[in-house]
Amino acid sequence: MWGLKFLRFLWCILAFLLFVIVVVAWGVEYVPGFLKAPWGNKLGGVGNLFGLLALYTAVIMTVIGVRLPLVERAFGLDRLIRFHTALGPLVLLFAIIHVIFRTLSFSASIGEKWSWDFLFQFFPYSWAISENALVAARWGLLVILLSVTAAKVARLSRGFIPFRIWKPLHSMIYYGIFTAFGHSLILASDVKRFPLLVPWAGLALVWGGCCVYRLNYLLQRSRNFRWFLEGVDYETHDVHTCRFIRPEGQGSFARRRPGQFMIIRMKSRLWGWSDPHPFTISCPPGSDSLCCTVKGVGSFSKKLRTCRPGTVFLCEGPYGIFTPDFEREKNLVFIAGGIGITPFLSMMRYVRDNSIPVSVTLIWGNRAKKDIVAYSELSRFVKSSDRFRVVHVLSEQKITDKMREETAEDGFFWEQGLVTGSVLKKYVNPDNASFYVCGPAPMQKMVMREIRQVFKVPPGKIRRELFVFY
Ligand SMILES: Cc1cc2nc3c(=O)[nH]c(=O)nc-3n(C[C@H](O)[C@H](O)[C@H](O)COP(=O)(O)OP(=O)(O)OC[C@H]3O[C@@H](n4cnc5c(N)ncnc54)[C@H](O)[C@@H]3O)c2cc1C
């Protein structure tokens, strides 16, 4: 855990240092004599600052987007994707401000108020390299606009634009960033010399390295992450567990931790690889196969239920940092809503298989008893050791005396309603408790509030996993 925190701190410091280098280099170049400079130069200087900031943000976005293992391990892919998504519009904003200021600067230099020619010249008038660089950059900006918009619209419309359409559009951003680097080097004389050459070269190196890493990853992906469906186990009326095997061995999954997830795609003869879908690895590290326990909510998750053994899948991962530090955290409190149980299943199985000396209290909200996954296995857990305690909270099905009688031997506690403060107070031992929450967003919000109120735990101390990336 400390290692992770240190790694996170290190990445933040590096990103901040790069930012400082960009701003200081710009300051050294432009601040002396700024006030006395003609308007055209002033506007151009400010435009260049925003150009550099656009490059900087694009590079950070790329570092996050290419899923470098050391970055992913520090922050977790879900958090990185959220951050990556937030940075897209910022790159666009900085690039647009850069263009506006450069246009104003150009207009001032030729004695006009605003020259539209400069902005909308999409085809070169001559073979001059500088003119072609500008034309390429204008197309680059259009591509960035298209790329960011495609990803945003796809997300906001919740899948209305198919992955197959928005993803290639989004990937064109690499061209946009390439032209941004290229045109600045060709056109901006200040970038060719000290001090601005330093941040430019640093950013270009980092970006180039990320591109090479990603290309290499994509070229090897089909070979490194190809798994076969071994079988499907039916858990409940709408939840199933898919087991995958890989004859060559577990590959990157050999170092997985309980609670991590993978991103899977199914291969079809007609369409090739399907859209990617994230699922928690529900079997613990050390098991021969990879499993995911899936609730059928849409086309992909429902299709998995009827998939034939032998179907080829691309399983990428492991990702995520939703894993307790079993050395330091001895009193684990897991709070799950519905299918949000999957990371906890993997953690509890891991604790059992490795006889880890921790106490686990699982409080799990479901609509009805028929929705409970791994019922018998959990019952065996609680009966085998008093370190496990499982509380089922049912929101829709009435818990009758008959039901209590029938389940008396199973070792569970039963509560009616939602996971409220009074349920938590009744079952949780707050001494050195580490809280983990996974479930739908409204449930998480409520549970976080209750934990804060009942146990006075600050929100930063409660670890949570959302089953959506945004
Ligand atoms: C880190 C992580 C781990 C996960 N682990 C599991 C797991 O262990 N088991 C499991 O069953 N699921 C898990 N999920 C959720 C799972 O990835 C999705 O349920 C699945 O990808 C849905 O695909 P689909 O094609 O079946 O459904 P879709 O057709 O894509 O969508 C199903 C439903 O979700 C809605 N939806 C789609 N996109 C969004 C969005 N961006 N925001 C809000 N709603 C949206 C749709 O409107 C629809 O009602 C996990 C998700 C994440 C991010």
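A: In this predicted model, helix α12, residues 375-384, lies across β9, β10 and β11, and its direction makes an angle of about 140 degrees with β10. The strands it crosses belong to an open sheet of six strands, whose order is β11-β10-β9-β8-β12-β13 and whose pairing is parallel. Strands β11 (413-416) and β13 (463-465) stand at the edges of this sheet, and because each has a single partner strand, one side of each is left without a neighbour in the sheet. Averaged over the sheet, and with direction ignored, neighbouring strands are turned by 15 degrees against each other.

At the edge formed by β11, the pairing can be followed in more detail: β10, which comprises residues 388-394, joins β11 in the parallel sense over four bridges, and V393 has E415 of β11 as its bridge partner. In general, the strands of a sheet pair through backbone hydrogen bonds, in either a parallel or an antiparallel manner.

A further helix, α11 (residues 342-353), also lies across strands of this sheet, namely β8 (331-337), β9 (359-366), β10 and β12 (433-438), and runs at about 150 degrees to β8.

Note on methods: Residues are numbered from 1 along each chain as its sequence is written. This is a predicted model: local features need pLDDT of at least 70, side-chain atom pairs count only at pLDDT 80 or more; totals for chains, interfaces and linings use all residues. Side-chain values use heavy atoms; hydrogens and water are left out. Two strands pair if DSSP finds at least two bridges between them. Helices (H or I, at least four residues) and strands (E, at least two) are DSSP runs, numbered from the N terminus. Axes are lines fitted to C-alpha atoms, for helices over the stretch in contact, and angles run from 0 to 180 degrees between N-to-C directions. Contact means heavy atoms within 4.5 Å.
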